[in-house]
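Student: I am new to this structure. Could you take me through one part of it closely?

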Amino acid sequence: MRCKLCWRDAVEGEDYCTYHLEAYRRILEAYEDWRRAMDIGWEEFLREVSENPATGEWAREVALRLLGEFRSLSPSGSPFPPSPRRRRGTS
Amino acid sequence: MSRILVICEKPRAAQRIAEALDEGGKPLKRRMMGVTYYIARRAGDELVIVSALGHLYTVAQRGGRWTYPIFNFTWVPVHEADRRAGKRGVFIEAIKRLSRDVEGYVSACDYDIEGSLIAYNILRYTCGESSLKAARRMRFSALTRRDILRAWENMSGTLDFPLIEAGRARHEVDWLFGINLSRALTLSVKRASGFYRTLSIGRVQGPTLSFIRDREVEVRTFVPRPYWVIEAEAEIGGRRLKVEYAGGRIEREAEALEIERRCRGKVGLLKAVSKSRQRIQPPTLFNLGDLQREAYRVFRYSPSKTLRLAESLYLDAYISYPRTSSQKLPPTIDVREILSGLRETAYGPLAEELLSRKTLRPREGRMDDPAHPAIHPTGVAPKGLKGAGARIYDLICRRFMASLGEEAVRERVKAEIDVEGYLFHLKGGRVIEAGWMRFYRPYVREKEVELPSLEEGMPIRLLKVKAVRRFTKPPSRYNQSSLLKRMEEAEIGTKATRAEILDTLYRRGYVEGDPMRITDLGFAIVETLSHYCPEILSVEMTRSLERKLQAIQLGEVEADKVVEEAVEALKPILKRFKEREMAIGMEINRAIRGDIIRANTLGSCPRCGRELRIFRGRESGKRFAGCVGYFDGSCTVTYPLPQRGRIEATGKRCEVCGAPIIRVIRRGRRPWELCIDPNCPSKGVRR
Ligand SMILES: [Zn+2]
């Protein structure tokens, strides 16, 4: 299986290669910090991160993909990120 | 009367040495087969002074096919191993003829591992084994007449065998690693894809590339965090001055907004003013790494460029030998004599001032080098020095004089302002005693903020208070200077080879730009190796070999034993590689293809939005840009391209017509950017 975002092989049972998976893990971690720092929901957080020039390119690619996924999955805009397990079940 | 052959490392060094050694100062200049040599007279002896052209011999495979593993090697003339080095064959032939009827030999190559090995190989393979016993070694750290004569008087009775052995082992070990791993990589790709591309990795290159990779992953997966700072300005004595919120970074937005709300437009009280004096020590003398880093900081010169320039200054006898680790100056070097020499230059007044002092001791660093002192000017006044060489010389001279200067003193002022229970700081500072800084200008980093007079208890009005959101930053990518430092800290490579290793990473297409970005190919090499032979990337293996090589120099281990150990270390790695050759080749090949596609993509098609790529016309062979829709006939957008130079995507779009902006890079010219569409109205003026 290819990574959904690049030419590398995906980690077994995952959508992403090791690098994009690492970026995904760091996005989830960052979300916790952002929520402690300010009043912000998942979608707005992803938008902020994907537009921030300091965001690394792999993190940005993951953020954009999550943003697209989130918009198609949850039109009401839940403030919580879909859990990785659920995400995999629906894709 | 004896005839003595003196072997030097480079033609310019041979000339200097000949001029210094000839009693009349005018050696006879002769040519043999196009190679210049000199005849000098000294104490009744005839000295034949000839130069090499760096290494004339190299390690090469002994027979057999282009494959791996290869552990069978021999030393051969460089021009036999590398056809581009044809000129060196003439040097070997000329030296062979000149060595007839010679009774003694002197190695006068640069005094370090490489120099010792260069002379040794020439003696052994060109002049014959017996010459080794009749050879002596000159040791010098600068090419001034004084240094050369002193080296001649104090010659050692034999060659410096520990140094030679260390050099021989280093070359053999590096060759074994380089040839085997590079062939393994190249052949794996050939086997997987059928096409040939030179790939290489070496003993030091591996860990270095790995450093760059690790940093790149950190940068690319970085997610910024928000924090807030309070930006504030105060009015004091009719001036607007920046004040800092003493609490520093604020983690929560609500707290930042609260401070802003409570302090905005308020008048605070100056609580305390404190003044302190900071003594700033002179900088230490340069070793090669320090010089390379400083030249990068102030001129943005690459480490290899700085080394090249410094070497040229050394050959002109303007500075001491630059390939040194030392930050020290032994007492045998006469600082006053050097300064007297500098009196004749633009540094006259500064040198004069130093000379008027009773004691002169430079500030030394911790690092030492058994063979050479820190880099310093020789005192020989440069003639006609221009451009980059003059800059490096200036930096070295000023650093030398600065290291002899006295401490600088800086006064720091800090005031505390209380606004509604929140503390703000007002900071200023100025140099009150310039000390060594006068010698090192314009290379001193100075930040001056002079404050108006302040009194405790005075009211201070805040003009502006604003909570500003900022973001944490990713770690910075390595630039050539910080990577060099990282290699030094990890103790991999030598002062003489590190800059060259960085150049190789660029040449092989593993990294690009400065700061350095690793390419997909570079990634693939590191990933593949970390998968199948992680030892190659590990600092530990490289460092432990490095230490063994140093132990040879100290006479603690035998060279052959270290080379044998390297072979034993390589065997299992290469066996594993061979077993997985196909898988490795496929992995790397995918990255090469990805890189090629990326390098050929110039942006998106202004008509249909798909990729615009560089293609070559089947008949004309000329390159042009075309939409990928061209293949299925769905889009026909094409543009002509400049035929010379490299073309890159910029990621920008033309503001006039929306087509991509491309960058054209030609050797020796400043890169320029232009809209890809030749009919774009933005070019109306030029057409
Ligand atoms: Zn990926």
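Tutor: Let us start with B:Thr378, which is buried, as its relative accessible area is 5% (buried means under 20%, with a 1.4 Å probe and protein chains only). This is a predicted model, where local features need pLDDT of at least 70, side-chain atom pairs count only at pLDDT 80 or more, and totals for chains, interfaces and linings use all residues. Residues are numbered from 1 along each chain as its sequence is written, chains are lettered from A and ligands numbered from 1 in the order in which they are written, and side-chain values use heavy atoms, leaving out hydrogens and water.

Where does B:Thr378 sit in chain B? B:Thr378 belongs to the loop between α12 (348-355) and α13 (387-403) of chain B; helices here are DSSP runs of H or I with at least four residues, numbered from the N terminus.

Now look at the side chain of B:Thr378. The backbone oxygen of B:Ala317 is 2.5 Å from that side chain. A polar atom of the B:Thr378 side chain also lies 3.3 Å from the backbone nitrogen of B:Val380.

What else surrounds this residue? Setting aside neighbours within four places in sequence, B:Thr378 is in contact with B:Ala142, B:Thr144, B:Arg146, B:Ala317, B:Tyr318, B:Ile319, B:Ser320 and B:Ile338, where contact means heavy atoms within 4.5 Å.

Methods
Helix = DSSP H or I, 4+ residues; strand = E, 2+ residues; numbered from the N terminus. Buried < 20%, exposed > 50% of the residue type's maximum accessible area, 1.4 Å probe, protein only. Polar contact = N/O pair within 3.5 Å; in protein donor to acceptor, adjacent residues only side chain to side chain.
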